[in-house]
2 protein chains.
Amino acid sequence: MDINAANQIALDRILGAQPALVGVAPARDVIPGMRPDLILHAGPPVTWDRASGPLRGAVIGGLLFEGLAATEAEAVALVERGDVRLAPCHHHAAVGPMAGVTTASMQVYVVEDRGSGARAYSNLNEGYGKVLRYGAYAGDVLARLRWMNDVLGPAVADALARMGGLDLKSLIAQQLTMGDEGHNRNRAGSALFGRLLAPHLARVGLPAEALEAVLRYFADNDLAVLNPVMAACKVTMDAAHGVAGSTVVTCMARNGTDFGIRVSGLGDRWFVAPAEVPVGLYFPGFSAADANPDIGDSTITETAGIGAFAMAAAPAIVKFVGGTPAEAVAATLEMYEITVGENPTFGLPPLDFRGTPTGIDIRKVVRTGLTPRVNTGIAHHRPGVGQIGAGLVRPPMACFEQAVEAMAEALGR
Amino acid sequence: MDINAANQIALDRILGAQPALVGVAPARDVIPGMRPDLILHAGPPVTWDRASGPLRGAVIGGLLFEGLAATEAEAVALVERGDVRLAPCHHHAAVGPMAGVTTASMQVYVVEDRGSGARAYSNLNEGYGKVLRYGAYAGDVLARLRWMNDVLGPAVADALARMGGLDLKSLIAQQLTMGDEGHNRNRAGSALFGRLLAPHLARVGLPAEALEAVLRYFADNDLAVLNPVMAACKVTMDAAHGVAGSTVVTCMARNGTDFGIRVSGLGDRWFVAPAEVPVGLYFPGFSAADANPDIGDSTITETAGIGAFAMAAAPAIVKFVGGTPAEAVAATLEMYEITVGENPTFGLPPLDFRGTPTGIDIRKVVRTGLTPRVNTGIAHHRPGVGQIGAGLVRPPMACFEQAVEAMAEALGR
């Protein structure tokens, strides 16, 4: 099998995916293999003893949310006894930002590739502040999750049923012309998402106060669309996975301890190395000394050619992650060096509508020495604290070097 | 009076204005001097015999809407007999896009400068397609206007009362980081506008179907925020008007026949010359031969330093008005040559957050030979047809030359 030909097949599958948001449902009803004693988390597999603070915090919060534990100590004991099991979201067709913790009764977005019928899933976004995904699990965090599960999720499910689904590929294309890169900046995409849902939400039979709260969620949360966008990227990259001989990266994910990647032609194997601490801007009162290493499945956006790969579209993001608008353009230009093609659906206005750099090639990463760029939030390293900043990070080169070696072995070279 | 010092005062007043959307009410209740037999229109004064097709069509539609005439012929007879009077919106603290026709019972946005308490007004935006402001007046056009007047306007009025108003200066600043220039492209601003209103709209007591229709208006109409933005620019530029010795342009407006400007230090006098036909992209089936000369008060956006002056913020607009993203940046850079300052609140991301070029100086226009750039829609020259394209236009240099001469006379030079 010729690698370039294999990569062209992978690229064609990426470009051909047609992700649409088709529903919201409890994880246990839709996610393959989901069970009450299973806790999904971001990144490659990790054992509890090696789990980072924010991941531990979110797991504890998830067990409290499920009612499987009544206290932090009970939650920890459950995990340590092995009464609940941890597994990557990516092993269950799912993705979650930051800790990515998803439990059986949580409502999740259902995204479908309209062409193939394949599906991917993501939990609901909690917005800013103290949130489970950054490892916070105080009472107000859990109360908000319960409102999201009991009111927000079912309302959006009903609205989506009325709409017949929502075209996420078109939404991403639009947000890239509106200052978003689709990972750290999703203000325009979230506003578009909210306004598309709003008329249908008005008809799902909610009392006025509950409808106000749901519409306020979309008015206040500039990240509302991140999770559906991530699931769209997941189903897109899953389409490109499993092409024999392809060196295209189909997954990049971090659990707060390790950074892991998977490659189209290398099956389900993870190539893993220690995650780095992002470089960025910190909220008042915090510094790099407080930061946890890189965490979250949201790197699926960069894997699919948006996020940091589309930085040129989002010059205003530098106010949030650092840098200058010129560096934002340079970031995108650099990523063309390590990708196999461009996505014409995602035209970047400042680059005269050139398509986003798409399909990371492990060979080009190793040959150029340029690892993929990633935009990310920064979590405190202790459980229970939350977000302390946002910035830029790159995966360790070791992941790509291992993958290149594995490919050489697989091809018998 | 030193001209530069006078212009600094005018600039300070522009930068200091704090426009907020505070209400929606029938024109007769809020617009100073509004009467049932008065038809407000865009641009400088014009007599019926010189009025362009789209302006005539909109006046006819306004009279049908008001029930003052039952047929087109009756409407024309009313105007020709002098039973109704035409006057510029600008003579009544108002602005309207394209024909700008505003009649006594029409709901209008009320925008207030939070600092001074001064107010400006604009009608509600009808969206795309066959609309009154482009000179269409068929039954469906009038039916939509009636729904806007009876359902949309009062609902937004109630929502704004619940919110305590909406900060338009902040909204404009945000939309300029989201691919809008605030004149021809208002997709992001309209999405933000809709999402801010939505939770409050849920509480104004509308039946679910009516609420759905109101929320659909905001979901579908990428120009929804244009009219409030125009009124924000109007109240901002009114604040800078009347500074003795100032050569800053405080109004640019077109009625479809003439282009007119007013200058801060030159009182209420209009400096007028024939309007040009925009250069742009036409909808299928139309060409420049069908185009009416430039029309509308929406040039108040460029007068206030956004619109074409903020083109650098909106590279994607070239798909709509023509040109390239590089030309969009060049357009903004050129406008710094003819303005007295920059507006730091309106930072342009692609220019490293440099403030928009603000305060057109008639002296610099004449000295450099560079007239202000304007983004605009293009109307068919016949009444009753509507929009046929969008493009770029510049005011005639004669307006600025006349104004410079008048200033020289006023200063006794």
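In this predicted model, the centres of domain 1 of chain A and domain 2 of chain A, taken over C-alpha atoms, are separated by 21 Å. The domain assignment places domain 1 of chain A at 17-229 and domain 2 of chain A at 241-410, and the contact between them draws 43 residues from domain 1 of chain A and 47 residues from domain 2 of chain A.

Which helices of chain A supply at least two residues each to the side of domain 1 of chain A that touches domain 2 of chain A? They are α3 (53-66), α6 (168-175) and α9 (226-239) of chain A, and it is α3(A) that gives the most to that side, with six residues. If we sort the side of domain 1 of chain A that touches domain 2 of chain A by class, we find 21 nonpolar, 15 polar and seven charged residues.

Let me now turn to the two copies. Chain B is superposed on chain A by a rotation of 180° with 0.0 Å of shift along the axis, and the RMSD is 0.0 Å, which is the relation of a two-fold axis. In chain B, the C-alpha nearest that axis belongs to B:M178, at 2.1 Å from it.

As for the interface, 100% of the interface residues of chain B are also interface residues in chain A, so the copies meet through the same surface.

Terms used. Residues numbered from 1 in each chain as written. Chains lettered and ligands numbered in written order. Predicted model: local features only at pLDDT ≥ 70, side-chain atom pairs only at ≥ 80, totals over all residues. Least-squares fit on C-alpha atoms with pLDDT ≥ 70 in both. Contact = placed C-beta atoms within 7 Å. Domains from an automatic or database assignment. Helix = DSSP H or I, 4+ residues; strand = E, 2+ residues; numbered from the N terminus. Nonpolar A, V, L, I, M, F, W, Y, C, P; charged D, E, K, R; others polar.
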